[in-house]
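Please read it alongside the model displayed below.

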Amino acid sequence: MKRIFTTSFIFALLVSVAMAQTAQQPARGQEEVIRISTSLVQTDVVVTDKNDQILPDLKLSDFEVYDNGKKQDLKFMEFVGVDTGRRTEGTRPPIPLPKGVVPELQSSSGVSAKEVRRVVAFVIDDLTIPIQDIVTVRKLLLDFVDNKMRDGDLVAIVRVIGGKGLLQQFTSDRQLLRHAIALITPSTHALMNFNNPDLPRFNGIPQPIGGGGDNPMTPDADAADLGTSDISSANDETNRLFRGLSTLTTAAFVIDSLKEIPGHKNLVIISGGIPIFEVSTSGSVYSNVSYILNQLTDDAMRAGVVVNTLDPRGLRATPGVVGFEATPARSALDMNLDPAFGRGGTQSQAVFGGMLAGGSEHLGLSTVANATGGVSVVNTNNFEAGMEKILARSQGYYLLAYTPSEKFDKKFHKIEVKVRRSGAKVYSHAGYVAREEQPAAAPRTKEEEVVAAAKSPLTKRDIDVTPNVTMKLLPPNKAAVDVHMRIEAGNLHFTQDGSKYQTSLDVVGFLFDQYGRRKGGFSETINLDLTAESYQRALAEGLTYSASTELPPGYYQVRSVVREARSGSLGTFSKYIEVPDLTKGRVAMSSVFLFAVDTAPGAKPEPLLASRLLTRKQELRFAAIVYNSKLKDGKPQARSQVFITQGGKVLYSEPDQAIVSPSAAAVVKLGQVSLAKVPPGRYVLTVVVTDPLADKNNQTQARSVDFTVVN
């Protein structure tokens with residue numbers, strides 16, 4: 001594949017381009033979120049009334065917090081509502097930071113830190129979901145993306161097995177999420193609980209989540225301890241252990257990635273059950289959730305994450321294995337255990353306290369949810385209502401902060417939150433491990449700042465960067481992809497040297513394939529040395545940068561970072577690209593290309609690439625190419641509709657009509673719109689093409705592009 005390396009800096013003004021690296025500037029501070037230290041413990045709490053509606057009007061004096069049974073002196077309370085904003089009371093204890101380090105939230109990719117409304121991560125447990133329920137999972141996720149996802153939401157869909165890197169990231173791009181959902185199909189794996197073929201014996205030793213502690217599952221454990229377990233059985237104790245650990249390890253990975261995102265986050269584990277076991281040195285298998293649960297709870301509290309669980313199997317009378325007491329593993333249990341083990345009996349209650357809920361089959365799901373203040377949706381076929389309940393808990397939360405009265409002892413501290421209001425229900429994390437959390441003392445280098453900004457799921461808007469990624473398909477089976485960006489000059493920090501205005505920018509781009517592998521990129525340092533006239537034009541029209549490449553069929557993502565050398569200011573964007581495979585004969589469509597047309601006679605259309613600004617004295621021309629259009633009597637039958645919207649409201653709608661194209665080989669949709677009566681503002685143009693002769697699952701294609709009208 002050809003890398004992106006052909007770059008051009010296009011200015012309607014005088015620019016000096018220098019390829020040499022500029023001097024490294026000191027970082028503006030580590031971007032860390034500190035939630036737990038010896039002088040500060042912060043925890044998220046959701047409080048509802050008896051009808052499970054968020055209570056938004058509680059005061060600091062309404063709360064009591066107990067740390068290991070000792071009442072704490074609450075210093076600070078903040079209520080954060082998705083629709084109502086923030087309300088604070090008290091003073092947050094100071095966070096000890098190394099000298100010169102300023103706390104700042106990371107950002108990069110569609111939604112900035114200030115714009116984030118909700119963060120939802122779905123972990124799809126491929127290992128336990130029956131094949132027949134995969135369709136239910138896809139419908140549930142698609143309903144969320146199409147009907148419940150809001151502007152400002154960051155969403156990720158992560159699979160325990162069978163996932164692909166590009167499709168397992170936090171994004172606000174609905175197209176990317178829909179593609180991830182479409183690819184949730186049955187996968188084969190040695191540890192699957194359903195439709196699992198006989199497998200050879202396996203002697204691997206599982207590793208503990210987080211490491212350390214008194215967990216007997218260590219690399220030093222004797223492989224013989226696994227004894228003569230029938231590892232070829234899907235219900236073998238060791239297989240069940242690995243299955244549960246695989247799910248929780250994936251969840252722990254997602255929780256860790258959420259630390260950099262501000263606010264209250266929701267993780268939803270969609271699973272057919274989490275069998276949490278440990279292998280003892282004596283060879284017996286027994287329930288010991290506390291170690292793993294404490295690790296997960298501590299990580300979730302430090303990241304501000306609530307873990308919810310949902311069983312997509314619903315209410316179904318399933319013959320055979322219906323609970324812990326009926327599994328093949330039952331006979332291998334240590335007979336000294338409580339006979340009620342696995343059913344919420346006395347010994348289980350002693351280990352988990354009040355966190356157990358529901359029947360034995362859903363013990364793992366309810367335990368994980370309860371330990372982090374989440375919702376467990378089990379024993380129901382109304383999954384939409386279950387998802388609504390999970391999302392309702394995201395509408396508002398309280399952040400409570402206090403200075404712990406006891407010294408940190410590296411042990412698990414249980415937290416209990418009480419509210420002085422009748423009927424109030426409190427949902428909070430069960431506790432944390434009392435260990436110090438410190439940011440890295442060394443400031444980031446310029447390169448580290450750029451990479452961190454490119455990897456972050458939040459967009460950085462210190463510098464306003466507006467992207468436009470266009471695609472045109474080429475023979476024999478590839479695409480020309482152009483990356484255009486408009487850089488808002490008003491956000492830059494120019495210095496004046498005589499009559500010249502100067503600053504320096506690093507423009508960096510990364511191209512990733514669907515597996516998350518880097519497939520190319522561009523990097524350039526641009527030294528700007530503008531005249532007064534060019535500077536004024538830059539302020540009015542912005543600066544533009546373009547890069548291009550050719551790509552084979554596949555799914556890609558472009559992530560780009562613009563960094564100003566002097567100030568360290570950052571601007572980022574992320575764009576998803578799907579290059580169709582024309583050899584499959586399916587209907588495909590290029591990007592929508594825009595042109596500005598002056599009304600004067602003989603004026604030529606001007607392509608609108610990075611800067612898509614038009615005046616009301618101009619007209620907007622648009623074009624899109626349709627590929628593999630089906631023919632009838634030698635003529636294409638494709639039809640089109642055009643919409644212009646603003647803020648989700650349709651302002652212009654072209655009626656459905658046949659596309660008139662001079663060539664059947666390349667069907668081109670053309671159109672032109674007058675802007676004389678259009679108010680200034682930003683608009684989105686969408687072209688929808690339908691081919692009634694194409695495959696029913698691939699008849700409709702749609703592409704959108706934004707433009708701005710000025711006086």
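Does Arg-612 count as buried or exposed, and at what relative accessibility? Arg-612 counts as buried, at 4% relative accessibility, where buried means under 20% relative accessible area, exposed over 50% and partly exposed in between (1.4 Å probe, protein chains only).

1. Basis of the note. The model is predicted: local features need pLDDT of at least 70, side-chain atom pairs count only at pLDDT 80 or more, and totals for chains, interfaces and linings use all residues. Residues are numbered from 1 along each chain as its sequence is written, and side-chain values use heavy atoms, with hydrogens and water left out.

2. The salt bridge of Arg-612. A salt bridge is a side-chain nitrogen of Lys or Arg within 4 Å of a carboxyl oxygen of Asp or Glu; the whole structure contains 29 salt bridges. In one of them, Arg-612 meets Asp-706 at 3.0 Å, N to O. This pair links distant parts of the chain, 94 residues apart: Arg-612 is in the loop between strand E29 (606-608) and strand E30 (613-615), and Asp-706 is in strand E38 (residues 700-710). Helices (H or I, at least four residues) and strands (E, at least two) are DSSP runs, numbered from the N terminus. Asp-706 is buried, with a relative accessible area of 14%.

3. Further salt bridges. Arg-421 and Asp-57 form a salt bridge of 3.0 Å, N to O. Arg-421 lies in the loop between strand E16 (412-419) and strand E17 (425-428), and Asp-57 in the loop between strand E3 (40-48) and strand E4 (63-67), so the pair ties together parts that are 364 residues apart in sequence. Arg-421 is partly exposed at 32%, and Asp-57 is partly exposed at 43%. In the salt bridge of Asp-513 with Arg-517, the closest N and O atoms are 2.9 Å apart; Asp-513 is buried at 6%, whereas Arg-517 is partly exposed at 46%. Glu-64, Lys-71 and Arg-420 are linked in a salt-bridge network.

4. Aromatic pairs. Rings of Phe, Tyr and Trp (its six-membered ring) pair if their centres lie within 6.5 Å; planes under 30 degrees apart count as stacked, over 60 as edge-to-face and the rest as tilted. The count by this rule is 10 aromatic pairs. Phe-510 and Phe-512 are stacked, at 6.3 Å centre to centre and 20° between the planes. Phe-522 and Tyr-545 are tilted, at 5.7 Å and 35°. Phe-522 belongs to strand E23 (residues 518-530) and Tyr-545 to strand E24 (residues 543-551), so this pair ties together parts 23 residues apart in sequence. Phe-522 is buried at 5%, and Tyr-545 is buried at 0%.

5. Nonpolar cores. A nonpolar core is a set of buried Ala, Val, Leu, Ile, Met, Phe, Trp, Tyr and Cys residues joined through side-chain atoms within 4.5 Å. The largest has 38 residues, of which Val-254, Ile-255, Leu-267 and Val-305 touch the most other members. Elements supplying at least two residues each include helix H3 (237-257), strand E10 (265-270) and strand E13 (305-310). The largest share of this core, seven residues, comes from H3. Leaving aside neighbours within four places in sequence, Val-254 is in contact (heavy atoms within 4.5 Å) with Ala-121, Val-123, Val-158, Phe-170 and Leu-267. Apart from this core lies another, of 37 residues, among them Leu-505, Ala-538, Leu-543 and Leu-582.
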